[in-house]
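The stops below are given in the order in which to select them.

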Amino acid sequence: MTTLLHIDSSPMGEASISRRLTHEFVQQWRQANVDGEILYRDLARTEIPVIDAAWSAANFTPKAMRTPQQGDLLALSNALTAELHQADEYVIGVPMHNWGPSSSFKLWVDHIVRQEETVASTAMGPRGTLGGKRATFMIAAGGRYDAGAASANFVEPWLRTLFGYLGLEEMRFVTADAVVGVLNGSVKREVFLAPYVEQVRLAALADKAVSL
């Protein structure tokens, strides 16, 4: 059975563009994987603590030597990394806030980049443990980041670097930019979404063709 990990991180609820696109992806994925399982994690509704000295000390203490208190500090992180290992594929919604990811997404990242959990030590140096999985990222940005301003889109290269470090080689991106037009009412939401929804559907059709 194939498992999809569906992650949303926008605080905008039903108004979120990235959430709309991840949910479209999930609908298409269900049709292609009728026996599949979906794990869902809403980072905006998950209370994720800021990393502090006590958490860091617990993380770098060998498992066999951790105190019960240290185990408690790492419990959420363990659950988050377990979801990544359980899933075969990820769809992740990432809104761009001030040229970076949302605060909840960054906190999630801080909890899932873990030595011996998502990064293993080898004779050749650190090696990500999430190889063989695929991630599809739905990025929503207020400004426009096409040809003239592509260099200001720091989110996509950051995600490529981060998940490449964790072992992923197959990553796909749908970037819905100029969302400010929807927010200020100058562009109708469904009109704005239409080409991006089509991108998601085309990706799903390609997946179906590969699986046949």
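The tour goes from a helix to the cores, then to a pocket, and ends with single residues.

**Before selecting anything**

This is a predicted model, in which local features need pLDDT of at least 70 and side-chain atom pairs count only at pLDDT 80 or more, while totals for chains, interfaces and linings use all residues. Residues are numbered from 1 along each chain as its sequence is written, and side-chain values use heavy atoms, with hydrogens and water left out.

**Stop 1: helix H6**

Select residues 155–165, which form helix H6. Helices (H or I, at least four residues) and strands (E, at least two) are DSSP runs, numbered from the N terminus. Val155, Glu156, Leu159, Leu162 and Phe163 are buried in H6, where buried means under 20% relative accessible area, exposed over 50%, and partly exposed in between (1.4 Å probe, protein chains only). Look down the axis of H6: its buried residues fall within an arc of 130 degrees, so they line one face of the helix. The arc is that of the directions from the helix axis to the C-beta atoms. An α-helix has 3.6 residues a turn, so residues three or four places apart point the same way.

Now show what these buried residues pack against: strands E3 (89–97), E4 (100–101), E7 (134–140) and E8 (170–176), together with helix H5 (103–112). Contact here means heavy atoms within 4.5 Å. Just after H6, step to glycine 167, where phi is positive at about 110 degrees.

**Stop 2: the nonpolar cores**

A nonpolar core is a set of buried Ala, Val, Leu, Ile, Met, Phe, Trp, Tyr and Cys residues joined through side-chain atoms within 4.5 Å. Select Tyr90, Ile92, Phe105, Trp108, Phe137, Leu159 and Phe163, which touch the most other members of the largest core, a set of 31 residues. Two or more residues of this core come from each of E1, helix H4 (75–86), E3, H5, E7, H6 and E8. Centre on tryptophan 108 and, leaving out residues up to four places away in sequence, its contacts are Ile7, Leu43, Ile48, Leu80, Leu84, Ile92 and Phe163. A second, separate core has 18 residues, including Ile17, Phe25, Ala176 and Val179.

**Stop 3: the second largest pocket**

Which residues lie nearest the centre of the second largest pocket? Select Met12, Pro95, Ala140, Val179 and Leu183, which are among the 14 residues of its lining. On a 1 Å grid over the protein atoms alone, a pocket is an open set of points where a 1.4 Å probe fits, with protein on both sides within 12 Å along at least five of seven lines, and lining residues have an atom within 4 Å of a point. About 210 Å³ of space lies in this pocket; grid points are joined across faces, edges and corners, and the volume is the space filled by probe spheres set on the points.

Helix H1 (17–32) and E3 each give two or more residues to the lining, and E3 has the largest share, with 3 residues. Coloured by class, the lining shows 9 nonpolar residues, 5 polar and no charged. Ala, Val, Leu, Ile, Met, Phe, Trp, Tyr, Cys and Pro count as nonpolar, Asp, Glu, Lys and Arg as charged, and the others, Gly among them, as polar.

**Stop 4: leucine 4 and isoleucine 38**

Go to leucine 4 in strand E1 (residues 3–8). Leucine 4 is buried, with a relative accessible area of 0%. Beyond its neighbours within four places in sequence, the contacts of leucine 4 include Phe25, Trp29, Ile38, Ala87 and Tyr90.

Next select isoleucine 38 in strand E2 (residues 37–42). Isoleucine 38 is partly exposed, at 22% relative accessibility.

Glutamate 24 lies in helix H1 and is buried at 3% relative accessibility. Outside four places in sequence, glutamate 24 is in contact with Val197, Val200 and Arg201.

Arginine 134, in strand E7, is buried at 17% relative accessibility. Among the residues that arginine 134 touches, not counting those up to four places away in sequence, are Asp88, Glu89, Glu170 and Asp207.

**Stop 5**

Finish at tryptophan 99, in the loop between E3 and E4, where phi is positive and near 70 degrees. Alanine 178 also has a positive phi, near 65 degrees, and is found in the loop between E8 and helix H7 (180–183). Alanine 178 counts as buried at 14% relative accessibility.
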